[in-house]
Amino acid sequence: MAGSNMNPPLAVLAVLVLSVLLAGSSHAAPEMDPYKILGVTRSASQAEIKKVYKRLAKEWHPDKNKDPGAEDMFIKITKSYEILSSEDRRANYDRYGQTDDTQAYSSSRYRHRQDSFYFDESFFNFPFNTKNQRDFTDSKYTLHFNQYVSEVVPDSYRRPYLIKITSDWCFSCIHIEPVWKEVVQEMEGLGVGVGVVDVGYERRLANHLGAHRTPSILGVISGKVTFFHYAVAKEHLRQFVEDLLPQRVVERITDKNEKQFLNSWHELNKPHVLLFDQVPAVPLLFKLAAFAYKDYLQFGYVDQGLAETAELQKRFNINTYAPTMLVFKENTDKPADIIQAKGMKKQIIDEFMSNNKFLLAPRLVNQKLFDELCPVKQFHRRRKYCVLLMTTDEETYSSGNQEFLSFASTNTRDVVRFAYVYQRLQQQLCDILMHGQDSAQSTPQVVILERRNTAGKALFKPVTAWNGSEEDKLRLLEELERLQKDPSILVHDAMLPELNNEFASMFVVRWIYASYDYLSEVIDDILHNNWREMMPLLSLIFSALFILFGTVVIQAFSDSSEDKQMKPKVKDGTNAENGSSGRQEYSSSNPGSISKTYAGFFFLKLCVAIRFSRAPKKNFVEVTELTDITYISNLVKLRPGHINIVLVLTDASKNILLSKFAKEVYSFTGTQTLHFSFLNLDKHSEWMSTLLEYAQDAAQIDADEDDGGSRKTDYTGFVLALNGHKKYLCLFKPVYTGEDLDGKSSEDEAGTSVGKPRSGSRDGHPQRKSSRSRSTSTLQIHHKLDRLGLWMERLMEGTLPRYYVPAWPGLDKITPSK
């Protein structure tokens, strides 16, 4: 009976010990068996496990399987694959029965703990893409909104980007992660940009890209976003990146079109690159390199396995055992440079392309090429000189042009670059360098110049009239040797204009390409059911159809009702005069009013759709005064791309002009790059005069403003668009519309009462004026900004003339004298 005499405390203690042991035994049993869940044996290979996992993951995916337990089963399948796909974790499970990422139970479960309650770390371990478990792609390639706008979009004009949209609680993201890692490693080596957007932390960027679900994969090229709509596989993603590139970025070359391809260097003004390889398809690495250097080089591919390329291989003695790359410049019979490597890497190709970006003597066809061939002098760099031939494309001067090219081919100096321009296409530049001579009728001339600043200032010296003779070559060679010893021989200076873009497409062509791109995006969205982005457009289309259909139907019914109502009116004239008149007005006016209402609704909806991109965010215009305190931040150190719109006024016209200015520029306040200020002439008139004197075409500005001796310096109502970074201004001069004073609106009357100066004598008797003269002056001031809205439209389009200044006037010019 010893057991029956056991003390109650001892019995309770025994029960507690037994419960703890039972709990331990329950923990010892594994939570799940990954082999059983996947349905494989313990001796299964990695290939078998991977094959089974793909089949089960596709079968139990929550998006495809509507079973209530599909989501839990999918998590177990993914967790089981994570354990068995890793050799270390698989061995750990086979040895200890461990199914999580914590340390083994054999070393942690039975060790002594001082805490009363112990929770294993696996209790809080979920198979989601959390911050602690985020792989290398989520940390190395994470994109933010500002980074995307300032870095990715500009860089997408040189290489495509592959971007993944993910989130922390995304089940499907786990499924595509192995494929994504493999693709990223391959594409990054080829030069493709990679990015990851976490919706939980960058919702703004995800909405900007139009990604409303996770996971999503998209491509960005030349600023255009394209979504990936196929199964996530390595081959599909590789083909997706290849499809992003333009179709004719690389031209296939055979013996038939080889001469036509190489001889187009003069028309395109580019060196030509040929790649010889054994594979039938153009390598993706070469396509990416061609897209990156499309502005400088023309690319062709030669398949060595075709019989149509045998003569071409024999002509250039091509080795068939390794890819070979040739670059041709003005001489199409002999390559200017060549590389050959069995494993051609991106770094080798980039270096080869960079060293051969220009012809020996290219034609200056745009400002970008001029900036690269003849860079601005930097104090920490060596001087760069440009030998420029101003000639024509006539047949009589072709021999002289050819002799200039042969002279340029013998140049060995890195500091001297040779180029030529056609006088009829770059007439403004040639007129300045020829000292005002008629460039259309003058003979070709050679000029040596050195650019000094980005505003266009350059030093130059005319060398000789050029016809390609030996005397011309000797004289040019002597001048180059003198220049190397004494740079001061460049005695002339001038402000060079911006070069015309000779390859700019016509407006109609640009419009057709833009329309084609837009229609392609719309069709792509419709095919892939991206309804959230399509809703505004569909709403606009259906609204237009409804309005047109409703107008036609109502008009048809109104016509028939009018015909029926005309007969009783003829018979009963009294009723028509007394009682029917009201009904007649209603029946005749009602359809028209309904049509006008629908038309007005459609017009309003169309205007909102068009102007939505720059809709004002505030119901007021924030205008600051440009003073010595705000001078540095609002002008001198204004961020690149930002423009300050400055209204010039006086104390007397301040209220009227500011009110009118706010109305004219209100619709542009949604643009973040525009700032609005005003300058008081009563305080800072000296700064205004100094600024116009500094301007490049100051004489022309003064001539336009000089309407009379008394109004020469009256800048009231002028508006300046100041670009602080590029140092130029656009000028708005007041235009009086000539409206009748008697037809003045109530708005003008209100402006008159608000803008009336409160002047008077000290004893309280105000100075009297006739109301007619006061209204006239106020109305003229009020109408000075009538055309400002149209001027702002041209400013946003970039079609206004620009007046460059070498430097902004000093702070002493805007500080009011005391």
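Glutamine 304 sits in the loop between β7 (298-303) and α15 (310-315). Helices here are DSSP runs of H or I with at least four residues, strands are runs of E with at least two, and both are numbered from the N terminus. Is glutamine 304 buried or exposed? At 8% relative accessibility, glutamine 304 counts as buried. The cut-offs are these: buried is under 20% relative accessible area, exposed is over 50%, and partly exposed is in between, with a 1.4 Å probe and protein chains only. What does glutamine 304 touch, if neighbours within four places in sequence are left aside? The list is Phe276, Asp277, Gln278, Thr309, Gln313, Ile318, Asn319 and Thr320. Contact means heavy atoms within 4.5 Å.

A word on the source. This is a predicted model, in which local features need pLDDT of at least 70 and side-chain atom pairs count only at pLDDT 80 or more, while totals for chains, interfaces and linings use all residues. Residues are numbered from 1 along each chain as its sequence is written, and side-chain values use heavy atoms, with hydrogens and water left out.

Now the whole chain. The protein chain has 818 residues, and 40% of them are buried. Its secondary structure comes to 32 helices and 20 strands. Take the contacts between residues at least 6 apart in sequence: 72% of them join residues at least 24 apart. The chain exposes about 47,900 Å², and carbon and sulfur atoms supply 54% of that. Those areas come from the Shrake-Rupley method with a 1.4 Å probe; for residues, only the protein chains shown count as cover.

Next, two helix pairs. Two packed helices are described by the angle between their axes and the distance between the axes. Axes are lines fitted to C-alpha atoms, for helices over the stretch in contact, and angles run from 0 to 180 degrees between N-to-C directions.

Helix α3 (residues 46-59) packs on helix α4 (residues 70-85) at about 165°, with the axes 10 Å apart. The two are therefore roughly antiparallel. That term covers angles over 145 degrees; under 35 is roughly parallel, 65 to 115 roughly perpendicular, and the rest oblique. The contact uses Gln46, Ile49, Lys50, Tyr53, Leu56 and Ala57 from α3, and Phe74, Ile77, Thr78, Tyr81, Leu84 and Ser85 from α4. By class, these residues are eight nonpolar, three polar and one charged. Nonpolar means Ala, Val, Leu, Ile, Met, Phe, Trp, Tyr, Cys and Pro; charged means Asp, Glu, Lys and Arg; the others, Gly among them, are polar.

In the other pair, helix α14 (residues 284-292) and helix α16 (residues 346-354) pack at about 35°, with their axes 11 Å apart. Leu285, Phe286 and Ala289 of α14 meet Lys346, Ile349 and Met353 of α16. That contact has five nonpolar residues, no polar ones and one charged.

Last, some backbone details. Where is the cis peptide bond? It joins threonine 214 and proline 215, with omega about -5°. Proline 215 lies in the loop between α10 (203-209) and β3 (216-221).

Serine 222 has phi near 55°, a positive value in a residue other than glycine. Serine 222 is in the loop between β3 and β4 (224-227), and is partly exposed, at 30% relative accessible area.

Asparagine 269 also is not glycine and has a positive phi, near 60°. Asparagine 269 is placed in the loop between α13 (265-268) and β6 (272-277), and at 9% relative accessibility counts as buried.
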